[in-house]
Each structure stands twice: as structure tokens, then as C-alpha cells.
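Here's a quick tour of a protein model, going from one residue out to the whole fold. Have a look at it first.

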Amino acid sequence: MKVRRKPRIVWVYTTIQACLDGNILVGIYTFCLVICIARRYYYAWKNKYSSEAKQIMQIKSSAAAGTMESGDILIEIEPSEKQEVEVILKSSVANEFGKQIVKTIRGAVDEYGLEYATVNAVDKGALDCTIRARVVAACQRATGSDVFEWRREA
């Protein structure tokens, strides 16, 4: 069963009506809800329609991150002539999880801002969070950047 939410204008009307009726606590509570909802929509809009251009990072040298131990992944990033991110995966679980591993690698590389790269990955059963961390570390080493936005969602 789908729960139907009240339109935002109803929340504003309820706030005004509660304050006029003398019920200040309900008015303050509803006003806080309106502010929270408006803030959430503002930040969603700001992130979606941000006029800031996505920064494109250039690879300065080849780099690697990770190990060949069980539960880890070795990521090697090299510059590429092609205008795309090419992912070469070697994994014992490629038949079961290969698409998800490649998707995670591409997502982390795209989020970092690399457009021309060849990513060689040798997987030994790493989790998505480990894959993302290794890709970001390799990207930082390859670009020579030491700045990372910790508040950015992965």
C-alpha cells in the first residue's frame, strides 16, 4: 500500500493555521518540518543542477594500489590513448561478480574525474568498499593529488 504524502503547501498552511489558532507547539513543529523538507529539496536540486564543471583529472604516471592477498584487489592505473575508461579484470569470481566489480571500478574512476585511463584489476575476492578504496588510492597516486573530499558520497 502506497502512503500518500501531503503537498508542501499543505504543511505551510498547517503551520500558519496552528499559529493563528494559538497552538504554538504544533506550529513550531510543523515549521521545522517545512524547513527540513525545503532544505532536503534544495540540496538535491543543488547537487543535480550545479553549474560547477566536473574537474577532469590527468594521469601523470602509472600507479598501483592493493595487494594480491585473499580478500583484496590489486588496481593498476595507466594513461590511455582512448577517450574512455577501459577496465581489464582478472578474477576467479568473474563469472559470478565480474559485472558488479567492473561497475564499481568504473563508478569510482568516473567519480574521481578520470576520463582517459586503463585500469588493470586482479581480484582476490574483495568487497565493493575495498575495491572503491583501492581505486581512489590508485587514482590519487596516478594524478599526484593528495586532496580527497571526505563528504562526497560514493
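Contact here means heavy atoms within 4.5 Å. Keep in mind that this is a predicted model, where local features need pLDDT of at least 70, side-chain atom pairs count only at pLDDT 80 or more, and totals for chains, interfaces and linings use all residues. Numbering starts from 1 along each chain as its sequence is written, and side-chain values use heavy atoms, with hydrogens and water left out.

Let's start with T143, in helix α4 (helices are DSSP runs of H or I, at least four residues, and strands are runs of E, at least two, numbered from the N terminus). Leaving aside neighbours within four places in sequence, T143 is in contact with M57, Q58, I59, K60, Y112 and L114. T143 counts as buried because its relative accessibility is 4%; buried means under 20% relative accessible area with a 1.4 Å probe, protein chains only.

| Partner of T143 side chain | Distance |
|---|---|
| Y112, side chain | 3.5 Å |

Now for I105. Not counting residues up to four places away in sequence, I105 touches I75, V87, V119, A121, I131 and V135.

Zooming out, the protein has four helices and four strands, and they run α-α-β-β-β-α-β-α from the N terminus on. Of the 154 residues, 27% are buried. Among contacts with a separation of 6 or more, 72% are between residues 24 or more positions apart.

Technical notes
Buried means under 20% relative accessible area, exposed over 50%, partly exposed in between (1.4 Å probe, protein chains only). A polar contact is a pair of N or O atoms within 3.5 Å; within protein, one must be able to donate a hydrogen and the other to accept it, and residues adjacent in sequence count only if both atoms are side-chain atoms.
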